[in-house]
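Have it open while you read, and go through the points in order.

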Amino acid sequence: MKRLLLYYNITLLNSSECPKILNYFYNVNFHQLRHTGITKLIEVGTPVEIVQKKSGHKEVTTTMNI
């Protein structure tokens with residue numbers, strides 16, 4: 001497994017796609033991850049009231065506007 005990951009990483013670093021991939025991950029911030037997490041909870045059918053409490057929103061409308 002280590003060899004496979006090492007090969008993949010070396011191949012990626014030598015790839016022309018590397019700057020695009022790294023740039024994508026450097027531009028992701030905590031707030032975007034928070035929105036993604038809340039969206040995924042809603043998509044899988046988690047009750048809105050639970051998502052609201054987990055996200056710390058006072059109003060359900062705030063949660064639903066994400």
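1. One term before we start: a salt bridge here is a side-chain nitrogen of Lys or Arg within 4 Å of a carboxyl oxygen of Asp or Glu. By that rule, a search of the whole structure finds one salt bridge. The side chains of glutamate 43 and lysine 40 make it, at 3.3 Å from N to O.

2. Some housekeeping. This is a predicted model, where local features need pLDDT of at least 70 and side-chain atom pairs count only at pLDDT 80 or more, while totals for chains, interfaces and linings use all residues. Residues are numbered from 1 along each chain as its sequence is written, and side-chain values use heavy atoms, with hydrogens and water left out.

3. The overall layout: the protein chain has five helices and zero strands, so the elements count as DSSP runs (H or I, at least four residues, for helices; E, at least two, for strands), numbered from the N terminus. Along the sequence the pattern reads α-α-α-α-α.

4. How much of the chain is buried? Of its 66 residues, 11% count as buried, meaning under 20% relative accessible area; exposed is over 50% and partly exposed is in between (1.4 Å probe, protein chains only). The chain exposes about 5,900 Å², and carbon and sulfur atoms supply 63% of that. Those areas come from the Shrake-Rupley method with a 1.4 Å probe, and for residues only the protein chains shown count as cover.

5. Glutamate 43 and lysine 40 both sit in helix α3, three residues apart, about one turn of the helix. In general, an α-helix has 3.6 residues a turn, so residues three or four places apart point the same way. Glutamate 43 is exposed, at 56% relative accessible area, and lysine 40 is partly exposed, at 48%.

6. As for α3 as a whole, its 14 residues reach 20 Å from first C-alpha to last, close to the 20 Å expected at 1.5 Å a residue (the expected span is 1.5 Å times one less than the number of residues). After α3 comes glycine 45, with a positive phi near 95 degrees.

7. Now look at α4, residues 48-55, where Val51, Gln52 and Ser55 are buried. Seen down the axis of α4, the buried residues fall within an arc of 105 degrees, so they line one face of the helix; the arc is that of the directions from the helix axis to the C-beta atoms. Lys53 and Lys54, on the other side of α4, are exposed. The cover over the buried residues includes α3 (30-43) and α5 (60-64), with contact meaning heavy atoms within 4.5 Å.

8. Which residues does serine 55 touch? Not counting residues up to four places away in sequence, they are Arg34, Ile38 and Thr63. Serine 55 has 9% relative accessibility, so it counts as buried. Just after α4, glycine 56 takes a positive phi of about 80 degrees.

9. Histidine 57 is worth a look, in the loop between α4 and α5. Its side chain makes a polar contact of 3.0 Å with that of serine 55 and another of 2.8 Å with that of threonine 63. A polar contact is a pair of N or O atoms within 3.5 Å; within protein, one must be able to donate a hydrogen and the other to accept it, and residues adjacent in sequence count only if both atoms are side-chain atoms. Histidine 57 counts as buried at 17% relative accessibility.

10. Last, threonine 63 in helix α5. Threonine 63 has 0% relative accessibility, so it counts as buried. Leaving aside neighbours within four places in sequence, its contacts include Ile38, Ile42, Val48 and Val51.
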